[in-house]
Amino acid sequence: MHHQWLLLATCFWVIFMFMVASKFITLTFKGPDAYSAKQEFLFLTAAPDAGRSLRETHFPEELKLTGNRLPGGRLVQPLVYMQRLELVRNVCREDTLRNLSHTAVSKFVLDRIFVCDKHEILFCQTPKVGNTQWKKVLIVLNGAFPSIEEIPESVVHDHEKNGLPRLSSFSDAEIQKRLKTYFKFFIVRDPFERLISAFKDKFVHNPRFEPWYRHEIAPGIIRKYRRNRTETRGIQFEDFVRYLGDPNHRWLDLQFGDHIIHWVTYVELCAPCEIKYSIIGHHETLEDDAPHILKEAGIDHLVSYPTIPPGITAYNRTKVEHYFLGISKRDIRRLYARFEGDFKLFGYQKPDFLLN
């Protein structure tokens with residue numbers, strides 16, 4: 001009986017010590033196979049030094065966290081966002097993809113990055129990925145308009161009126177300071193679906209009435225890439241694919257100027273291997289990513305991302321198959337060869353159903 005009581009007391013002591021120790025366990029790991037595509041959370045308990053902001057607090061590089069807090073003062077970073085940044089870092093190191101993943105931080109790139117000095121935010125524009133709404137968010141934050149609803153559509157893309165300075169407008173020293181210290185983000189979507197969106201928006205519907213796409217750019221593409229010279233219809237998606245997949249497309253790009261931002265690669269737009277971004281959002285999960293970005297940037301109490309209609313951001317394989325129907329495998333493979341860097345950097349599946 002005496003031994004039984006000793007054993008019972010020992011068990012209670014072990015349980016009590018485990019409960020005490022659990023208060024000081026700071027990091028919980030799961031095996032990589034245990035995570036699904038949905039957001040999983042990795043928790044780290046930390047107490048920043050008094051007088052220092054969370055943005056100034058330094059964590060080990062592999063556990064770099066941002067400023068969200070849970071009850072009790074714990075910081076939280078969804079694992080999915082860390083995995084996206086880690087994937088970019090890994091692909092950037094692959095020598096075989098260097099030509100498809102690296103680019104100079106040129107004026108072309110700096111022109112794509114909009115600045116909000118008041119809240120220390122940089123946003124790299126990736127057209128056809130819901131960028132209009134993010135511009136509205138920054139316009140409100142910069143104080144040009146009191147709310148998103150009050151911004152006229154004609155002002156959003158008018159950079160004389162929208163109050164959004166580009167990073168290229170600053171001196172070299174000011175650019176470097178902002179790149180090193182500001183919260184930086186951009187949004188991506190499936191590369192081929194983005195090209196379909198660009199084609200529809202600029203050459204089919206053209207809702208903002210930008211006649212130069214149909215009357216100047218489309219004829220230039222048709223003259224060089226249409227195989228059937230007797231075909232009199234306007235530009236077709238097949239013509240567009242041949243242009244984009246041509247290794248010698250750059251001479252036409254020079255003629256088209258900045259209009260090419262709607263279909264050049266994310267690498268060419270935002271230089272993800274050269275600029276260390278804080279977060280990369282995905283269009284397909286924008287309902288989760290948009291509020292998370294606002295929280296991480298520390299502005300979720302100031303502005304909300306506009307309501308996203310249900311299902312509008314989901315990947316649509318049927319639409320992709322429809323647009324590529326009848327286009328030769330050779331042309332699709334050449335197109336993929338150009339955008340392979342985007343597919344791999346941001347974790348999009350290779351479209352074998354189109355290539356094979």
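The largest nonpolar core has 93 residues, and those with the most contacts inside it are Trp134, Phe203, Tyr243, Trp263 and Phe324. A nonpolar core here is a set of buried Ala, Val, Leu, Ile, Met, Phe, Trp, Tyr and Cys residues joined through side-chain atoms within 4.5 Å. Buried means under 20% relative accessible area, exposed means over 50%, and partly exposed is in between, with a 1.4 Å probe and protein chains only.

Before going on, the ground rules. This is a predicted model, in which local features need pLDDT of at least 70 and side-chain atom pairs count only at pLDDT 80 or more, while totals for chains, interfaces and linings use all residues. Residues are numbered from 1 along each chain as its sequence is written, and side-chain values use heavy atoms, with hydrogens and water left out.

Now the overall picture. The protein has 356 residues, of which 46% count as buried. Its secondary structure comes to 16 helices and six strands; these are DSSP runs numbered from the N terminus, with helices being H or I of at least four residues and strands being E of at least two. Of the contacts with a separation of 6 or more, 67% are between residues 24 or more positions apart. Contact means heavy atoms within 4.5 Å.

Back to one of the core residues. Which residues does Tyr243 touch, not counting those up to four places away in sequence? They are Ile221, Tyr225, His249, Leu252, Asp253, Phe256, Ile260 and Trp263. Trp263 is also on the list of residues with the most contacts inside the core.

Next, helix α5, residues 131–141. Because 10 of its 11 residues are buried, α5 is largely enclosed by the rest of the structure. Among those buried residues are Trp134, Val137 and Leu138. The cover over the buried residues of α5 includes β3 (113–116), β4 (121–124), α6, β5 (183–188) and α13. Just after α5, Gly143 takes a positive phi of about 90°.

Two backbone angles in loops come next. Glu120, in the loop between β3 and β4, has a positive phi of about 55° although it is not a glycine. Glu120 is partly exposed, with a relative accessible area of 33%. Lys128, in the loop between β4 and α5, is also a residue other than glycine with a positive phi, near 75°. Is Lys128 buried or exposed? Lys128 counts as buried because its relative accessible area is 16%.

Then a residue in a strand. His282 lies in β6, residues 279–282, and counts as buried at 10% relative accessibility. Leaving out residues up to four places away in sequence, His282 touches Arg84, Ile187, Val188, Asp289, Phe346 and Tyr348. With Tyr348 there is a side-chain polar contact of 3.1 Å. A polar contact is a pair of N or O atoms within 3.5 Å; within protein, one must be able to donate a hydrogen and the other to accept it, and residues adjacent in sequence count only if both atoms are side-chain atoms.

Last, two exposed loop residues. Ser169 sits between α6 (153–156) and α7 (172–181) and counts as exposed at 53% relative accessibility. A polar atom of the Ser169 side chain lies 2.6 Å from the backbone oxygen of Arg166. Pro247 is in the loop between α10 (237–245) and α11 (250–256), and is exposed with a relative accessible area of 61%. Pro247 and Leu335 are 88 residues apart in sequence, yet their C-alpha atoms are 9.3 Å apart in space.
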